[in-house]
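Open the model in your viewer and keep the sequence panel beside it. Each stop below says what to select and what is there.

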Amino acid sequence: MQLGMVGLGRMGANMTRRLMHGGHTMVVSDLSAEAVKGIAGEGAVASSSLDDLVGKLNPPRAAWIMVPSGDPTEKTVQALLGRMQAGDTIIDGGNSYFKDDVRRAKICAAKSVHYVDVGTSGGVWGLERGYCMMIGGPKETVQRLDPIFKTLAPGRGDIPRTPGREKLAGTAAGTAEDGYIHCGPSGSGHFVKMVHNGIEYGMMQAYAEGFDIFKNATSKDLPEDIRYDLNLPDIAEVWRRGSVVSSWLLDLTAMALTENPTLAEYSGFVQDSGEGRWTIQAAIEEAVPAEVLTAALYTRFRSRQNHTFAEKVLSAMRQKFGGHVEPRTPAKT
């Protein structure tokens with residue numbers, strides 16, 4: 001299948017590579033001519049502008065946007081919409097706010113252009129592991145794009161089946177076990193990804209606080225007979241093997257602690273990418289208590305003022321799964 005990719009950053013470039021490895025034809029565009037040249041050298045079709053990209057796509061066209069959320073995505077959607085024709089599809093695979101998807105889908109529909117929102121999880125490891133995708137948009141359009149989603153997804157792999165799913169058949173079985181689902185109409189894909197990221201904040205915070213307790217178990221404020229000089233890399237490693245708290249986030253924590261048990265290269269300045277805030281906003285609108293997720297978000301705010309070992313663990317996890325780098329300017333302490 002042919003697909004346009006707009007945005008060749010960490011995820012956009014690797015998604016392009018994974019799709020090409022799967023036999024798809026990729027037409028690529030980026031603000032950086034060097035990024036386009038580099039991926040073209042691996043087999044993609046280069047384009048010099050959005051006009052050029054649209055011109056090289058065969059109708060019905062499909063273009064996947066992988067640029068930062070907010071204004072860059074908004075401008076790219078509008079620019080593509082002005083160049084596309086009835087029956088074409090715009091896919092937003094970034095971390096857009098779901099209410100923006102609903103609005104954009106209506107604008108696109110007025111011109112008979114389809115709009116699909118894809119919450120994409122996988123970070124810098126997606127090329128190898130595949131991408132978990134939560135998809136929103138018209139059913140027929142999503143089905144037409146299924147070869148793209150199937151290639152990007154991780155597939156079933158060696159994960160044991162959830163008991164009871166073997167009884168599902170046909171459409172009821174769906175594609176969840178392959179690592180992607182059609183969540184519903186426009187906005188639903190990014191809504192599910194938004195809450196996914198809110199939960200991620202809470203999980204990361206729980207690990208971070210736990211390891212902070214371990215690190216401070218040597219405190220002189222404690223009676224000497226209950227001071228413990230613990231091996232944090234080994235604790236993370238043993239929890240990976242048979243523990244009920246094992247997870248990919250723990251795998252990454254173990255990796256970071258093995259590289260440097262003190263995490264000295266991290267200041268503990270922890271950014272938030274927006275989805276955590278939106279998750280709390282949704283919880284307020286639905287009158288749903290979300291104490292853990294809210295506290296995890298507020299801890300990130302506080303991390304920009306002073307830093308604990310817990311925040312270094314958080315920062316290390318973000319760097320490991322998404323390649324997120326701390327700001328160069330030192331935070332106030």
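Start with Ser112, which counts as partly exposed because its relative accessibility is 42%; buried means under 20% relative accessible area, exposed over 50%, and partly exposed in between, with a 1.4 Å probe and protein chains only. Ser112 sits in the loop between helix H5 (98-109) and S6. Helices (H or I, at least four residues) and strands (E, at least two) are DSSP runs, numbered from the N terminus. Although Ser112 is not a glycine, its phi is positive, about 60°.

Before moving on, note that this is a predicted model, in which local features need pLDDT of at least 70 and side-chain atom pairs count only at pLDDT 80 or more, while totals for chains, interfaces and linings use all residues. Residues are numbered from 1 along each chain as its sequence is written, and side-chain values use heavy atoms, with hydrogens and water left out.

Select Ala287, in the loop between helix H12 (275-286) and helix H13 (291-303). Its phi is also positive, near 55°, in a residue other than glycine. Is Ala287 buried or exposed? Ala287 counts as exposed, because its relative accessibility is 66%.

Next, select Pro59 and Pro60. A cis peptide bond joins Pro59 and Pro60, with omega about -10°. Pro60 is in the loop between helix H3 (50-56) and S4. As background, most residues other than glycine have a negative phi, and most peptide bonds are trans.

**The sheet**

Now show the strands. In what order do the eight strands of the open sheet run? The order is S3-S2-S1-S4-S5-S6-S7-S8, and the pairing is mixed; two strands pair if DSSP finds at least two bridges between them. Strand S3 (45-46) and strand S8 (180-184) are the edge strands, each pairing on one side only.

Select S1. Four of its five residues are buried, so the strand is mostly covered. S1 pairs with S2 in the parallel sense over five bridges, and Val6 stands opposite Ser29 in S2. S1 also pairs with S4 in the parallel sense, over three bridges; here the bridge partner of Met5 is Trp64 in S4.

Move to S4, which is covered on both faces. Ala62 and Trp64 are buried on one side, and Ala63 and Ile65 are buried on the other. S4 and strand S5 (residues 89-92) run parallel and are joined by four bridges. Ala62 stands opposite Thr89 in S5.

**The cores**

Select Trp64 again, together with Met133 and Phe149. These three touch the most other members of the largest nonpolar core, which has 28 residues. A nonpolar core is a set of buried Ala, Val, Leu, Ile, Met, Phe, Trp, Tyr and Cys residues joined through side-chain atoms within 4.5 Å. The elements that each supply at least two residues of this core include strand S1 (2-6), helix H1 (10-21), strand S4 (62-65) and helix H8 (146-152). The largest share, four residues, comes from H1.

Which residues is Phe149 in contact with, leaving aside its neighbours within four places in sequence? They are Trp64, Val116, Val118, Met133, Ile135, Val142 and Tyr180, where contact means heavy atoms within 4.5 Å. A second, separate core has 23 residues, among them Tyr266, Val270, Ala316 and Phe321. In soluble globular proteins, nonpolar side chains tend to be buried together.

Select H9, which lies across S5, S6, S7 and S8 and runs at about 20° to S6. Asn197 is found in this helix and counts as buried, because its relative accessibility is 6%. Not counting residues up to four places away in sequence, Asn197 touches Asn95 and Glu275. Asn197 and Trp278 are 81 residues apart along the chain, and their C-alpha atoms are separated by 9.8 Å.

Finish at helix H10 (residues 232-239), where Leu232, Pro233, Ile235 and Ala236 are buried. Seen down the axis of H10, its buried residues fall within an arc of 165°, so they line one face of the helix; the arc is that of the directions from the helix axis to the C-beta atoms. What covers them includes helix H9 (188-215), helix H11 (248-259) and helix H14 (309-322). At the start of H10, a side-chain oxygen of Asn231 reaches to within 2.9 Å of the backbone nitrogen of Asp234.

How values were computed. Polar contact = N/O pair within 3.5 Å; in protein donor to acceptor, adjacent residues only side chain to side chain. Axes fitted to C-alpha atoms, helices over the stretch in contact; angles between N-to-C directions.
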